[in-house]
Structures are given as C-alpha cells and as structure tokens.
Amino acid sequence: MQQNDPDITLITPKAPVAVATHGGRAKCLQRLVRLDLPVPATVALSFGAVHQIAAGETPDIADISTTFEDGQLLCVRPSSEDPDWGGPGAILNIGMNAGRHAALSDEIGEETATRLYLKFIQSYSTHVARLDPDIFDDIDPRSAGALQDYLDAYEDEAEEEFPQDRNVQLAGVLKSMARAWEGTTARLLRQAKGAPADAGLGLVIQSLALGVGNGESGSGVLQLVDSGSGYPQITGRYLSQSQGRDAMQTGAEALFLQADDRGPSLEEHAPEVYAKLQEYAALMRVKLREEMQIEFTLEDGVIHILDGVRVSRTARAAVRIAVSLAQDGVIPQQEAVMRIEPRALNELLHRQVDPAAERDMIGDGIGASPGAATGKIVFTAAEAQASQARGEACILVRRETNPEDIRGMHAANGALTERGGMTSHAAVIARGLGLPCVVGASSLRFQTSKKRLLAQDGRVFHEGDVITVDGTNGQVLAGEPLMMEATLDESFQTLMSWADESRDIGVRANADTPADARTALVFQAEGIGLARTEHMFFEADQLIAMREVIFADDPEGRSVALQALLPMQREMFVELFTIMGERPVCIRLFDPPLHEFLPTDRAGLRDLAEALNLPLSDVTLRVEELGEYNPMLGMRGVRLGITVPEILDMQARAIFEAMLDAAGENEPVVSEIMIPLVSAKREVELVKTRIDAVAAAVRTERGRDFDYRLGVMVETPRAALRAEDIAQHCEFFSFGTNDLTQMTYGLSRDDAGRFMSPYVQQGVFPEDPFHTLDQEGVGELLRLGAERGRKARPDLTLSVCGEHGGSPESIAFCRTIGMDYVSCSPFRVPVARLAAAQLAILDKIE
C-alpha cells in the first residue's frame with residue numbers, strides 16, 4: 001500500500017494527514033507516532049475516501065490489508081474534524097474467524113478466544129449486517145455450544161454464513177460506518193452540535209492490541225486532570241482482561257489508577273506500567289499543548305497507546321485547564337483566552353443542573369436568562385414575596401410579566417412565562433437580576449386562574465409543587481435535580497485579566513439598582529451604560545406617590561406630588577454614584593407610559609380610590625383616559641418628558657443633587673443623562689433647555705459647580721436616519737437595539753416568540769433578531785447613525801445598550817462600526833469582555 005496516498009495512507013511521521021482532511025483522531029495518532037509512543041500500526045482514510053465508500057465505491061481492501069500481518073485482528077474507529085460531532089462507534093476484533101479462534105485458543109485459552117469471537121459476532125451483526133440485536137438473547141454465552149449457536153443464529157437471520165474472510169469483514173465495517181455517518185439522523189444530530197451539513201468523516205484502521213491473554217493484559221484510560229473541576233488529578237480506570245473502554249463501564253471490577261483507599265489500583269498492581277503511563281500523559285500535555293486522555297491496552301505487560309483524545313471538560317474545568325497550560329508555559333496567555341467559548345462562562349456565573357443529573361423534563365421554552373433554580377410554584381408576585389419571607393425557594397409562574405411583577409421577581413429564585421422572547425420584559429429583568437428564567441414555554445398549559453400547570457405528558461403541577469427552571473437550555477423539569485454551584489475562582493479572574501489586556505472596546509453594565517451596580521463591579525464593568533430610573537417607582541412606598549402624580553390636575557399639583565419622590569430618587573442615585581466611584585454612570589430619564597403604574601382589575605382600582613381618597617368612578621375614568629391603543633409607541637420617553645415636564649425636572653434635580661451629595665468634599669463625578677425614544681432634534685433642544693435650567697438652579701442653591709453630559713438613546717429608525725441633526729445637541733449616542741429592532745421589523749418582542757421558531761426554521765429570518773443583532777437591517781441603521789452622528793460631531797461617544805451588547809456576534813459588528821463601548825446586563829459582562837478580547841486577538845493574527 002502507498003504510504004503517501006492522500007486518501008488512504010499508513011500513519012507515519014510524514015504521512016499527508018490533516019485534521020481538515022482526515023479528522024482529529026487520525027491527526028492525533030500521527031502526533032503520537034512522531035513522539036515515538038507505542039502506537040499500533042494504523043491506516044487513515046480521508047473524508048473523501050469515506051464519502052466514496054458511502055456512495056458504493058469500495059477501496060482496494062486487499063491492498064490495505066498488506067499493511068497488517070496475516071491473522072492480525074483489527075479495529076476501526078471514527079475520526080471526525082471535531083470530536084464533539086460524534087460518529088459511529090468503534091468496531092473491534094475484525095478478522096476473527098474459525099481459524100483465528102483456533103490459533104488464539106492455543107495462545108490465550110479457548111474461553112478467552114471464544115469471548116472475543118462472540119463479541120465480534122454480536123457487534124458485526126448489529127452494526128454491519130443490521131440484524132436485530134435480540135437474536136442472541138436466548139443464548140447463554142457461557143454455555144459450551146454458545147459459539148456455534150451464535151453462528152447459527154446469524155445464519156438464520158441473515159440467510160448467509162457469518163463471513164470468515166478478514167477483508168470481507170473489513171469492507172463491511174467500512175461501508176457500514178461510512179453510511180451511518182451520512183444518514184439523515186446522524187447529520188441532524190451533528191448539525192445540532194454546530195457541525196456543517198457537509199462535515200466529513202475519516203476512519204482509522206488499527207492493529208488490535210488484544211488486552212486479553214497471558215501475563216498482565218487489559219485496557220484502560222488515563223488523564224491528568226479532573227473533567228469536572230480541571231484540578232490536577234490522576235483520573236481513569238484499568239480493567240484486566242478487557243478491551244476498548246470496558247474499564248469505564250464495569251464499575252467495581254475495574255482498578256483505580258492511583259493508589260486509593262477505596263480499592264486496589266494499577267499503581268500498586270503494576271507500578272512500572274503506571275509510572276510509564278504518567279510519563280506518556282505528561283509528554284502529550286506538553287507536546288500536544290493540551291490535556292489529553294490516553295486510551296491504552298496492556299498485552300502481557302507491554303503498553304500500547306491506542307488513542308489520545310482531548311479531555312472532556314465542563315466550562316469551569318476548561319477555564320482552569322487553559323489558565324494552567326498558560327501559567328506552565330505550554331501555551332501563550334492569548335491562546336488561553338482564545339480557547340474559552342464566551343457563552344460557556346455562563347456555567348461559571350450561575351448555578352447549573354449537574355450534567356450527570358437525571359432530567360425529568362415536563363416542558364420547554366426559550367432559555368432567556370442562564371442558570372438553574374428550583375422552588376415551589378407560585379403564581380403571583382405577592383405569593384413570591386410571601387415565600388421569601390418564609391424562607392422558601394419559589395419559582396414565579398406567569399403568562400407574562402409586567403412592571404408590577406418586579407418585586408416578585410426579586411423575591412423568586414427563578415421565573416417561568418408562557419409568552420415572550422429574548423427581549424421580553426421577563427427576559428430583560430431576569431438577566432439584570434441574574435435570575436434563571438424560561439420564557440415562551442407554550443409547550444406547557446398555564447391555567448393561572450386554577451393555579452396549575454399542565455405538562456405535555458398529562459401531569460398536573462399545582463401551586464406549591466417543586467419544579468426546576470433551566471434558563472441555560474430552556475427546559476422545565478419536575479422536582480429538584482442535582483446542581484452545580486457557581487464558581488468565580490482565581491483561574492476565572494486570571495483569564496479575565498488576560499482578556500482585558502487584549503480588549504479594545506469598553507464594556508459597561510445595565511444596572512437599575514444598587515444591587516445591580518455591586519454585581520457589575522464584581523464582574524469588573526467599566527461603568528453603568530444604562531440605569532433605568534422607572535423601576536424604583538414600583539416599590540410600594542414610591543408607587544402611591546407616583547400615582548398621586550398621575551392623578552394631579554395641574555402642573556402645580558404634580559410638582560407637589562413629585563416632592564415626595566425627589567428624596568427617594570436622590571437617595572438611589574447617591575448610592576449608585578457612591579458604589580461606582582469614578583466610573584461613569586449613564587442615567588436614562590423616565591421612559592414607560594403612565595398607565596403601567598395603574599391597576600387594571602376592579603380590586604386594584606378600589607384600593608387606589610381609597611388610597612387617594614377619590615371616588616371609584618373618578619379613578620376608573622382617569623385610568624381609561626390614560627389607556628392607549630399601542631402604548632409602546634404612544635406617550636412615553638421624551639414625549640412624556642415634554643408633555644409632563646415636571647417629572648423630567650424632578651429627575652434632573654435628583655441626579656444633580658445626588659452627584660454633589662455623593663462627592664462630599666471631592667470633585668463630583670460627571671454624570672451622563674440620556675433621553676429615551678428621541679426621533680427629532682427639537683425634542684433634544686427642549687429637554688436640554690429644561691435640564692440646563694435645573695442644573696443652573698442647583699448650582700446656585702448649593703454654591704458648587706458640576707458638569708454633566710447629555711445624550712440620546714437611539715431607538716427609533718428616524719433618530720438613526722437624522723443622527724446628523726440630533727448629534728449637534730448632545731455628546732453621546734447609545735443605541736437601544738431592543739426597541740430599535742421592534743420598530744425596524746414592526747415586531748412586538750413580547751409576542752414574537754409565538755412565531756419566531758417557524759420563521760427561523762423556514763429561513764425567513766436567519767436568527768431571532770431579538771437574540772442576534774440583525775446586521776443587514778438594524779445594523780444598517782446603527783452604521784448610518786454612527787456615521788452621520790460623527791459627521792456632525794467627531795468626538796461623539798457611541799455605544800450599544802440593548803441586550804445585544806452582550807452577544808459576541810453583535811460585539812464584532814459594534815467594533816467594525818466604531819462603537820466605543822457596549823453595555824449589557826451585569827451577568828453578561830464577563831461574556832462580553834471575553835468576546836471583545838477574542839475579536840481583538842483575531843484582528844492582530846489576521
């Protein structure tokens with residue numbers, strides 16, 4: 001056989017083998033050969049050769065066989081480009097036939113030889129001949145006539161004798177594995193793991209080291225780190241008289257590798273072998289620049305290295321492994337940064353369901369806020385607060401959330417909604433709180449009036465029943481599975497410090513409360529890019545004051561009512577400024593429509609009438625007057641600030657007084673004030689005039705000077721298109737991509753979840769535009785807004801403060817159009833920092 005054939009070649013140090021053409025396993029075996037490790041003779045088949053086999057073009061099997069000695073048993077293993085894409089299982093003992101059985105019976109004993117033959121017959125029948133595996137169920141493999149019974153059963157079912165020619169067996173195995181890879185089911189499974197539809201498969205044919213027979217023979221696996229934590233630890237098992245990965249499947253029969261109080265070990269049983277395996281593993285770690293798992297076989301005390309694969313690992317282990325390799329000088333720091341998938345950091349930042357735990361899934365939806373939480377079902381915010389007071393964990397279950405549910409979300413351990421998408425109210429608030437949340441769970445029936453959930457399989461869950469929401473993958477589980485706690489250890493901090501050294505775009509946090517701000521600092525956000533001021537008005541003591549403002553008859557009455565809110569707002573801003581220190585804080589002025597602060601049910605209206613000492617009819621009429629056909633496009637944001645300017649005045653005063661109070665005797669920080677929902681430059685002119693007047697009044701009253709920066713939240717298409725006009729009156733633009741996406745598409749983010757999946761599946765949208773920034777449409781508005789804004793004002797600061805700010809793909813786009821920073825929920829800050837660093841590193845490489 002030709003040794004340098006690009007499609008079928010013996011693996012030698014110089015053979016033409018590459019990951020992109022032969023797969024990762026073939027390339028790894030070549031690297032092991034180059035290290036002069038004891039690898040059995042191996043032939044690699046390229047992706048192209050395997051594809052031809054699947055199409056019915058059988059290679060010259062006789063030529064391939066010349067590589068191996070006559071009578072040598074073989075095994076065939078898959079070799080995909082990425083091991084996570086999977087592939088057909090390995091098939092061992094190819095070449096086992098009557099003649100080989102007789103010879104092995106003399107060498108290693110008839111019982112052992114028969115066991116190998118039976119194992120191969122069963123494997124060949126199931127995976128190659130595609131026979132029903134239960135044809136052997138009635139045969140006792142330990143009986144004297146088991147071998148003949150197996151052969152007879154095969155012949156009866158296949159209507160032909162079991163093949164005795166090694167070449168015929170090998171051809172069948174290659175054809176079966178090639179076709180299995182290209183089957184529809186296999187293709188869909190690997191595409192779900194991120195593989196391209198046309199991903200290729202290589203195959204490796206290897207001399208089989210028996211692992212059974214005379215002397216110390218067996219098989220096992222060894223690695224130098226723990227897959228769950230990444231800490232150094234000799235991990236694996238060894239099983240005498242076994243093949244393949246049997247040692248990992250047989251439990252108590254297998255030996256530990258390192259001396260262990262729990263049972264016998266390979267170190268005690270064969271210390272020289274154990275030491276040699278450790279030596280091989282350490283060599284592979286350095287030369288292959290990775291933590292590797294060795295699959296080995298002992299044959300009469302002689303070590304054979306069958307395979308070396310990258311150690312499987314959790315995200316927390318991946319971080320520790322990458323950092324350890326860099327600290328040991330095996331890889332550069334920047335490569336360690338590049339090795340971690342940014343979204344995988346969610347596993348470290350949040351409590352997760354243990355990968356080994358059993359999952360009793362009762363429904364699914366959209367994983368809107370990562371992490372997992374277990375608790376008793378509650379159906380109202382009040383019940384969630386009551387559960388918190390009792391010290392009971394709970395899951396808040398709602399058809400959809402509204403601003404009045406915020407207190408309940410603060411009290412709950414997780415949230416579950418029937419409606420909504422990635423930027424729905426529940427999703428945005430949950431991400432800000434770090435609260436595990438599943439939205440759009442329409443596979444469950446929500447009967448909130450009866451206080452129960454109906455699962456797909458007919459099970460009914462009532463208030464008080466325990467469920468788990470997994471916001472990482474969108475699953476809803478019955479009961480309480482085993483959990484893994486969040487981990488922000490030294491390795492994580494080290495990796496993030498290396499990332500910040502490479503990053504070239506700022507990362508701030510969206511933080512509405514002091515608790516959010518503290519979380520932002522824990523994750524080393526460079527400031528607050530969006531502080532929404534209205535959320536605090538839903539606290540009980542502030543809600544009634546806000547309702548008095550709404551029911552005031554004239555500006556004077558509103559101003560009086562707002563005096564009750566002023567110290568509350570000022571206190572909140574003082575705390576934010578104090579926590580953030582010299583870091584910038586961008587405060588968005590009041591945004592939501594007023595009706596959100598009013599009750600909608602009869603009982604709520606009666607309570608409000610009593611609190612305000614007004615007739616119920618007057619309260620009902622006022623609530624009806626404030627109703628709008630489309631409130632999200634109605635009187636909110638800057639429109640409310642211009643028509644009800646007293647609210648704007650109060651907020652501006654609270655900000656300026658808080659700046660001075662927080663500074664004490666020091667120089668006050670320069671706050672940033674952002675005007676929401678702008679669409680015309682005159683809106684900015686009017687608001688700026690008003691804010692400047694308040695600033696002048698506070699300077700006079702306090703006898704101290706201060707400065708502030710005024711900016712616009714660009715969330716309407718017109719604001720992006722008229723950016724050149726608007727930029728003349730402000731110092732920064734922050735693109736609110738949540739609302740900008742809604743207005744560009746004409747989609748409601750709260751209702752899009754009902755049809756988004758079919759739209760993506762049928763190719764209408766490549767991705768959910770509320771999850772991944774639409775660079776062609778919404779992105780074009782960002783590009784135009786940035787270009788036109790800086791045309792009028794070259795020093796204009798640009799940022800994105802929608803939830804897209806935490807998406808790695810969106811950050812890449814933001815860098816290309818010259819954004820200065822992105823801002824996202826606090827728990828997404830590390831993801832954004834790492835993604836930004838990786839993009840900067842890639843730019844330098846290219």
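Visitor: What do the numbers and values rest on?
Guide: Residues are numbered from 1 along each chain as its sequence is written. In this predicted model, local features need pLDDT of at least 70, side-chain atom pairs count only at pLDDT 80 or more, totals for chains, interfaces and linings use all residues, and side-chain values use heavy atoms, without hydrogens and water.

Visitor: Why is E27 called largely enclosed?
Guide: Buried means under 20% relative accessible area, with exposed over 50% and partly exposed in between (1.4 Å probe, protein chains only). Five of the five residues of strand E27 (residues 671-675) are buried, so the rest of the structure largely encloses E27.

Visitor: Which residues cover each face of E27?
Guide: In a regular strand, side chains alternate between the two faces of the sheet. Ser-671, Ile-673 and Ile-675 lie on one side, Glu-672 and Met-674 on the other, and all are buried.

Visitor: What makes E26 and E27 a pair?
Guide: Two strands pair if DSSP finds at least two bridges between them. Strand E26 (residues 585-588) and E27 have three bridges, so they pair, in the parallel sense. Glu-672 in E27 is the bridge partner of Cys-586.

Visitor: How many bridges join E27 to E28?
Guide: Five, and the strands run parallel. Ile-675 stands opposite Val-712 in E28.

Visitor: Where does helix H21 kink?
Guide: At Ala-564, by about 40°, shortly before Pro-567. The bend is the angle between axes fitted to the seven residues ending there and the seven starting there.

Key: Helix = DSSP H or I, 4+ residues; strand = E, 2+ residues; numbered from the N terminus.
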